[in-house]
Amino acid sequence: MGLLSSSVSINRYYVEGKIKEPVLDTVKKGLEKLTFRERDDDPSNKNAGWTSFNNHFNPNFSGSSFVINELFVFSLRIDKKSVSPKIIKKNFSVETAKRLEESGRGYLTANEKKEVKEQVTDALFLMVPAVPNVYDVVWNYEKSILWFFSNNKSANEELEILFSASFNQSLIKIFPYSEADILLGLTDKERDLLSLLSPSKFVE
Amino acid sequence: MMLDVSLTFYRYGFLGSEFLTWLWFYIVNSDQDKLLDNKKVFIEIGNKIVLERKTNDGVEKVTIKGKDAGLEEGMVSLKKGAVVKELNLIYRKEEKEWSFTVTGENLSLSNLKTPDIGFIESKKDVDGFVVEKIFLYDSLYFLIDGLYKKFIKLRVSTGWPNVVADINKWINF
């Protein structure tokens with residue numbers, strides 16, 4: 001879901017710590033380190049990486065192309081392949097029968113079955129085109145805040161993993177307690193009281 | 001920074017639901033000037049409220065949709081001890097309107113529609129549109145963070161039991 005869409009979802013993160021100066025250069029290197037790369041010959045069912053906000057299918061982080069109004073704006077691309085379990089089951093049965101006929105035996109060992117399943121799955125995933133999903137990211141470095149334009153759980157997990165691997169920084173999810181503790185500028189006394197809170201009962 | 005994210009996420013998860021319940025109560029019952037510190041802005045309940053109640057058999061989820069969502073069915077659920085999990089809101093400021101849903105669990109936003117900014121006609125317009133959109137999202141977060149700060153300051157104050165008593169009266173009215 002894109003930040004320019006008519007209806008969006010946003011999850012916020014706090015970026016812990018500061019990155020190495022010069023910041024622009026470090027961010028560029030981080031993005032290039034895990035830029036999305038097409039992998040047509042890869043049988044895995046998922047492929048993820050950074051891509052350009054304004055060119056999702058041809059990433060280019062040269063110069064300051066990922067900077068808009070002092071904010072880092074880029075995207076996370078996650079391509080996924082899926083094959084119906086019924087097709088896997090069908091091909092597995094066909095391949096198993098072929099192996100049994102070739103070997104002249106009446107059964108396959110557990111390891112052989114595992115091997116057949118992996119071969120069948122890999123072959124199918126190589127034939128299936130991946131479906132691309134692109135999620136925009138806005139990183140306000142000065143405020144240490146990052147907006148991720150999706151509430152999808154697996155996309156958020158992928159973002160956290162990739163961000164940490166690219167920039168050596170942790171993303172802390174903003175949720176009710178972390179927002180109060182980190183973002184609201186509470187006094188030490190208020191933060192202490194916050195940590196002592198327990199649920200209120202609005203009905204008897 | 002010493003913050004155990006998974007521990008605090010679950011241990012203090014009630015803060016999100018309490019915030020949304022307080023916000024609903026405040027929007028319906030109180031003078032908005034006190035809530036927003038600005039006479040030119042206005043906030044109202046939108047078209048969706050999601051409540052959740054723990055029962056012996058598990059969790060009962062109630063979703064109320066439509067204009068003026070929740071005023072009756074929502075109150076019935078609150079009376080039974082349900083808490084607010086999601087709240088759709090409309091925010092108006094100087095002829096501009098935002099509609100959005102806040103989820104109590106993580107304060108994430110969904111179905112967020114900002115005031116219209118027109119159409120992008122050429123590629124060179126994109127950066128300007130991005131700046132405009134970010135400004136509009138930022139304006140909304142300014143509102144939400146301000147409301148949440150107001151709630152948290154009240155929540156840790158000695159005045160909170162009075163607020164709980166007022167909400168209790170409202171629910172049982």
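Which strand of chain B is joined by two bridges to β1(A)? In this predicted model, the partner is strand β5 of chain B, residues 109-113, and the two strands run antiparallel. Within this pairing, Val8(A) has Leu112(B) in β5(B) as its bridge partner.

Chain A contributes 37 residues to the contact, and chain B contributes 42 residues. On the side of chain A that touches chain B, five elements are listed as giving two or more residues: the strands β1 (8-16), β4 (71-80) and β7 (170-173), together with the helices α5 (176-183) and α6 (188-195). Of these, α5(A) gives the most, with seven residues. Sorted by class, the residues on this side of chain A comprise 23 nonpolar, nine polar and five charged.

Chain B can now be taken by itself. Its secondary structure consists of six helices and five strands. Followed along the sequence, these elements come in the order α-α-α-β-β-α-β-β-β-α-α. The C-alpha trace of chain B spans about 60 × 40 × 35 Å along its principal axes. Of the 173 residues in chain B, 29% are buried. Among the contacts in chain B with a separation of 6 or more, 50% are between residues 24 or more positions apart.

Helix α2 of chain B, residues 14-29, packs with helix α6 of chain B, residues 160-171. Their axes are 11 Å apart and the angle between them is about 70 degrees. Because angles of 65 to 115 degrees count as roughly perpendicular, α2(B) is described as roughly perpendicular to α6(B). The crossing in which α2(B) passes α6(B) is left-handed.

The residues that make this helix contact can be picked out in the structure. From α2(B) they are Thr21(B), Trp22(B), Phe25(B) and Asn29(B). From α6(B) they are Val163(B), Ile167(B) and Trp170(B). By class, the contact of α2(B) with α6(B) has five nonpolar and two polar residues, and no charged ones. The side of chain A that touches chain B, by contrast, does include charged residues, five of them.

Note on methods: Residues are numbered from 1 along each chain as its sequence is written. Chains are lettered from A and ligands numbered from 1 in the order in which they are written. This is a predicted model: local features need pLDDT of at least 70, side-chain atom pairs count only at pLDDT 80 or more; totals for chains, interfaces and linings use all residues. Two residues are in contact if their C-beta atoms, placed from the backbone, lie within 7 Å. Helices (H or I, at least four residues) and strands (E, at least two) are DSSP runs, numbered from the N terminus. Ala, Val, Leu, Ile, Met, Phe, Trp, Tyr, Cys and Pro count as nonpolar, Asp, Glu, Lys and Arg as charged, and the others, Gly among them, as polar. Two strands pair if DSSP finds at least two bridges between them. A residue is buried if 20 or more other C-beta atoms lie within 10 Å of its own, exposed if 12 or fewer, and partly exposed in between; C-beta atoms are placed from the backbone. Axes are lines fitted to C-alpha atoms, for helices over the stretch in contact, and angles run from 0 to 180 degrees between N-to-C directions. Angles under 35 degrees count as roughly parallel, over 145 as roughly antiparallel, 65 to 115 as roughly perpendicular and the rest as oblique. A crossing is left-handed if the near helix is turned anticlockwise from the far one by less than a right angle, and right-handed if clockwise.
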